[in-house]
Amino acid sequence: MKAGQDFDVVIVGGGMVGAAVAALLATQRATARLSIAVLEPRPVAPPLADEPFDIRVSAVSRGSQRLLEHVGAWPAIAARGAGPYRRMVVWDAAGSAGGEGSISFDAADLGEPDLGHLCENRAIQAALTERAMELGVTLLRANVEGLELGAEAAQLALGDGRRLSAALVVAADGADSAIRGMAGIDTKGWAYGQHGVVANLQPALPHGETAYQRFLPTGPLALLPLADGRVSIVWSTTQAEAESLLALDDAAFGMRVTEASCAVLGELAASGPRGAFPLRLIHALEYTRPRLALVGDAAHAVHPLAGQGVNLGFMDAAALAEVLGQSVATGADAGDPRALRRYERWRKAENLPAMAMFDGLKRLFSNSDPVLSWARRSGLSFFDAAAPVKRLLMRRALGTVGDVPAIMRR
Ligand SMILES: Cc1cc2nc3c(=O)[nH]c(=O)nc-3n(C[C@H](O)[C@H](O)[C@H](O)COP(=O)(O)OP(=O)(O)OC[C@H]3O[C@@H](n4cnc5c(N)ncnc54)[C@H](O)[C@@H]3O)c2cc1C
């Protein structure tokens with residue numbers, strides 16, 4: 001660390017992605033000796049064993065699982081309950097699950113044990129934070145209110161009046177990133193005019209470790225299998241319908257979800273909290289500035305229909321750690337501009353096509369035009385019979401092939 005600097009790396013935002021950056025840098029030999037701080041105003045505690053699963057869960061890909069294993073966070077997440085999903089069935093509103101207008105994916109077709117795991121966000125965040133702290137990362141309960149980027153260092157002004165300097169600031173402060181705004185980085189994107197309603201429900205039939213997604217004209221409804229036998233739903237719909245779903249009593253809400261899912265798992269019983277999140281597409285036009293790198297939702301936020309938001313963020317975290325490791329090993333400081341440019345080129349080239357695909361799927365399916373509906377159903381049935389295409393799609397979703405960071409690779 002240079003004289004006068006408080007830390008080599010300050011990570012703003014200790015959500016799942018910021019905590020992953022911290023744990024990765026502290027684990028990797030080349031960067032383990034850097035002094036690293038995470039600034040997070042709302043750190044989470046690990047969930048208690050008898051607490052029910054929270055409504056915020058994520059489908060964690062195999063590549064992300066490897067990252068979590070690599071830093072030693074996976075055992076705590078698995079012990080809390082990571083529900084594998086081995087099959088996935090996706091169907092159009094006018095089709096039927098497993099019948100016409102549907103496509104099914106099975107991990108067995110790839111010789112894989114599963115397609116991923118459903119994990120609680122707070123369990124992931126807490127496990128990563130705990131590992132980072134065990135490895136010497138400083139966690140400061142603070143939010144950032146000011147940023148100055150210089151050629152030699154970045155200066156941060158904290159909400160409590162403190163000032164910190166670092167060779168590199170990593171912005172992991174989410175889709176509304178204040179750091180991105182303070183650095184003057186513009187974004188492209190749009191609001192989908194949809195909200196994602198989330199809740200955990202008990203199905204009458206066993207979920208069989210299968211994830212279901214039905215595309216309704218107002219947006220997709222996903223039923224994701226949890227380790228406790230319930231399903232986590234993500235129902236993307238208009239704001240008006242989201243508000244009305246939140247206002248229903250448990251019995252009426254359960255009935256609406258049962259109907260909307262064509263009772264694919266029988267009756268769904270609702271109890272416990274529900275929430276709704278506005279859905280947006282956001283892409284930062286630049287991922288780096290001198291002494292600054294953006295990761296996770298601060299760089300890109302996507303529609304949840306493909307369950308890939310945090311998986312893309314974990315790839316950012318691993319890519320950033322990899323390029324910084326290589327750069328620091330040559331004697332460069334943690335904010336070396338060449339390393340930051342490599343990171344930006346790498347992740348933009350991967351994130352942009354993925355974002356375009358999720359956005360295209362969202363548009364293709366949120367449309368009740370009869371010709372498009374027919375084309376969708378025919379297309380799904382056609383691809384369902386095209387085994388090589390399905391295998392390719394499954395491998396991409398596993399996050400272990402393509403230009404992925406070394407620790408996530410097959
Ligand atoms: C309904 C829904 C379902 C989803 N399902 C999936 C899924 O199945 N799979 C998947 O991969 N993704 C999913 N996602 C996306 C996923 O939740 C996000 O991509 C992920 O949470 C982003 O993590 P992050 O750490 O980048 O940002 P966040 O989770 O937004 O974390 C940002 C952190 O920064 C902190 N912060 C904010 N401002 C400041 C500041 N000024 N100073 C300091 N700290 C600050 C916040 O307190 C927060 O902890 C879903 C999203 C939604 C809305």
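1. Let's start with the contact between two helices: in α8, Leu312, Met315, Asp316, Ala319, Leu320, Val323, Leu324 and Ser327 meet Arg338, Ala339, Arg342, Tyr343, Trp346, Arg347, Glu350, Asn351 and Ala354 of α9. Contact here is C-beta atoms, placed from the backbone, within 7 Å. Sorted by class, this contact of α8 with α9 holds ten nonpolar, two polar and five charged residues. (Nonpolar covers Ala, Val, Leu, Ile, Met, Phe, Trp, Tyr, Cys and Pro; charged covers Asp, Glu, Lys and Arg; the others, Gly among them, are polar.)

2. Please keep in mind that this is a predicted model: local features need pLDDT of at least 70, side-chain atom pairs count only at pLDDT 80 or more, and totals for chains, interfaces and linings use all residues. Residues are numbered from 1 along each chain as its sequence is written.

3. How do the axes of α8 and α9 cross? Helix α8 (residues 309-329) and helix α9 (residues 337-365) have axes that come within 9 Å and cross at roughly 155°. That makes α8 roughly antiparallel to α9 (angles over 145 degrees count as such). Axes are lines fitted to C-alpha atoms, for helices over the stretch in contact, with angles from 0 to 180 degrees between N-to-C directions. Helices (H or I, at least four residues) and strands (E, at least two) are DSSP runs, numbered from the N terminus.

4. α8 also matters for the ligand shell: four residues, the largest share, come from α8. In the shell, 32 residues surround the ligand, the closest being Gly13, Gly15, Gly174, Gly296 and Gly309 (the cut-off is a C-beta atom, placed from the backbone, within 6 Å). By class, the shell has 14 nonpolar, 14 polar and four charged residues. α1 (16-27), β3, β12 (187-203) and α8 each supply at least two of its residues.

5. β3 belongs to an open sheet of three strands in the order β3-β7-β4, with antiparallel pairing; two strands pair if DSSP finds at least two bridges between them. The edge strands, β3 (57-60) and β4 (83-85), each pair on one side only. Four bridges join β3 to β7 (residues 116-120), and Val60 has His117 as its bridge partner in β7.

6. β12 has two antiparallel partners worth a look: 14 bridges join β12 to β16 (residues 268-284), and eight join β12 to β15 (residues 231-238).

Note on methods: Parallel < 35°, antiparallel > 145°, perpendicular 65-115°, else oblique.
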